[in-house]
Amino acid sequence: MLSPLGSFLCPPGYAGPRLGAIVREGSAMTEAVRFVRRSAQDRVQCRVRTSAARSPEHGLEPVVLVPGFLAGDGTLTLMSRHLRRLGYRTYRSTMRANVGCAQQATEALEQRIEAIAAKRGRKVTIIGHSLGGLMARGVAARRPDLVDGIITLGSPLLAPGAASPVLLFDLALVIRLQRVGLGRMMGSDCTSGDCARMSWEQSRVRLPRGVSFTSVFSRRDGMIDWRSCLDPQARAVEVTTSHLGMAFDPVVLDIVAETLSANRSRRERKISRRARLAAVPDVSVG
């Protein structure tokens, strides 16, 4: 089918998965079962620990979760619960469904993050699934004063137009609904016009030093070209998860938690180093 996305969103060298690749997304059921088993094991382990030992760690940074195209905040509920058990304060993007103008949605997300950072008195980490990852990268590039780091999950950062025919069909349907006035959805300008080009350019701005960036990808992804997840600025982490399963597969949840912990340790070392340097007297004076 003719893609509703502008050609600039699919640079040479990238191509969306073939229609048959969608069957790989069936493993999301296996990944969901894996999550249920993991949750049951965690509950059993909690019962045998002491109350103090199973208390979550407090004072961890706020985390904002951003859903993918056609998805809403509810799709990241399991990830949110997992992170909250570890002590992180998670926040929703307030998107019922990520189908609106990407430019307007990213601006709204930036305002949301600004309010959270002001409330918590610290920078936030953004976790974005698929399209949510592109939005996270755009906000981080524009407002590094608000963002400590981003973690993208199956996000086509280099070629969002290299998508499955199924995804392109859904997008075309959204555009048709917008044309007949059904809801505040993305239109053709948001997918192939100036609005789309502006959003794309903002998502490609180089991230400043100090903003951590991890991109989780899977060669089994049946929705996007996995190569488009390999942003040169990101630490790429490979999994064998489906595109849909990125939101709840325990393997991905562990990577997210480990990344958050590693980023926190990095910040603490930096603060400790600054404190030691500040404590050293300036022998050049006098």
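Modeller: The structure holds 13 salt bridges, and the model in which they are found is a predicted one.

Colleague: What makes Arg38 and Asp254 a salt bridge?

Modeller: The closest N and O atoms of Arg38 and Asp254 are 2.7 Å apart, and since a salt bridge asks for a side-chain nitrogen of Lys or Arg within 4 Å of a carboxyl oxygen of Asp or Glu, the pair qualifies. It links distant parts of the chain, with Arg38 in helix α1 and Asp254 in helix α9, 216 residues apart.

Colleague: Why is Arg38 called partly exposed?

Modeller: Arg38 has a relative accessible area of 25%, and because buried means under 20% and exposed over 50%, that value falls in between. Asp254, with a relative accessible area of 25%, is likewise partly exposed.

Colleague: How do you know that Glu110 forms a salt bridge with Arg143, and what does the pair tie together?

Modeller: The closest N and O atoms of Glu110 and Arg143 are 3.1 Å apart, which is within the 4 Å cut-off. Glu110 lies in helix α4 and Arg143 in the loop between α5 and β4, so the pair ties together parts that are 33 residues apart in sequence.

Colleague: Are Glu110 and Arg143 buried or exposed?

Modeller: Glu110 has 14% relative accessibility and Arg143 has a relative accessible area of 17%; both values are under 20%, so both residues count as buried.

Colleague: What makes Arg204 and Asp231 a salt bridge, and how is each of them classed by accessibility?

Modeller: Their side chains meet at 2.9 Å, N to O, which is within 4 Å. Arg204 lies in the loop between α8 and β5, whereas Asp231 lies in the loop between β5 and β6, 27 residues apart. At 27% relative accessibility Arg204 counts as partly exposed, while Asp231, at 4%, is under the 20% limit and therefore buried.

Colleague: Why are the buried residues of helix α3 said to be on the same side?

Modeller: The buried residues of α3 are Met79, Ser80, His82 and Leu83, and they cover an arc of only 165° around the axis, which puts them on the same side of the helix.

Conventions. Residues are numbered from 1 along each chain as its sequence is written. This is a predicted model: local features need pLDDT of at least 70, side-chain atom pairs count only at pLDDT 80 or more; totals for chains, interfaces and linings use all residues. Side-chain values use heavy atoms; hydrogens and water are left out. Buried means under 20% relative accessible area, exposed over 50%, partly exposed in between (1.4 Å probe, protein chains only). Helices (H or I, at least four residues) and strands (E, at least two) are DSSP runs, numbered from the N terminus. The arc is that of the directions from the helix axis to the C-beta atoms.
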